[in-house]
Amino acid sequence: MNQQIENNFKYHKADEAKGAQHDKVRSACKELAYILDDLLPNSREKSLAMTKLEEVMMWANAGIARN
């Protein structure tokens, strides 16, 4: 059995401390999203930047949940 696969593909319930960390990541990413939305013209590059920021949030929260 591969422990890495087992860990990565199971549900990770957030306790109070991890929940607060998730909230902090979401808040920081949302703040940056508003900054980018204000600074960047509507374009493919802006869309990609927003998509990548969503990915940052997802992977950061996965890192919190899995470890």
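This is a predicted model: local features need pLDDT of at least 70, side-chain atom pairs count only at pLDDT 80 or more; totals for chains, interfaces and linings use all residues.
Local features need pLDDT of at least 70 and side-chain atom pairs count only at pLDDT 80 or more, while totals for chains, interfaces and linings use all residues. Residues are numbered from 1 along each chain as its sequence is written, and side-chain values use heavy atoms, with hydrogens and water left out.

**View 1. Salt bridge between Arg26 and Asp23.** A salt bridge is a side-chain nitrogen of Lys or Arg within 4 Å of a carboxyl oxygen of Asp or Glu; the count by this rule is three. For Arg26 and Asp23 the N to O distance is 2.4 Å. Both residues belong to helix α2 (residues 16-39), where they sit three residues apart, about one turn of the helix. Helices (H or I, at least four residues) and strands (E, at least two) are DSSP runs, numbered from the N terminus. Arg26 is partly exposed at 37% relative accessibility, and Asp23 is partly exposed at 44%. Buried means under 20% relative accessible area, exposed over 50%, and partly exposed in between (1.4 Å probe, protein chains only).

**View 2. Salt bridge between Asp37 and Lys46.** The closest N and O atoms of this pair are 2.7 Å apart. Asp37 is partly exposed, with 42% relative accessibility. Lys46 is buried, at 9%.

**View 3. Salt bridge between Glu55 and Lys52.** Here the closest N and O atoms lie 3.7 Å apart. Glu55 and Lys52 are three residues apart in helix α3 (residues 44-66), so about one helical turn separates them. Glu55 has a relative accessible area of 33% and is partly exposed; Lys52, at 47% relative accessibility, is also partly exposed.
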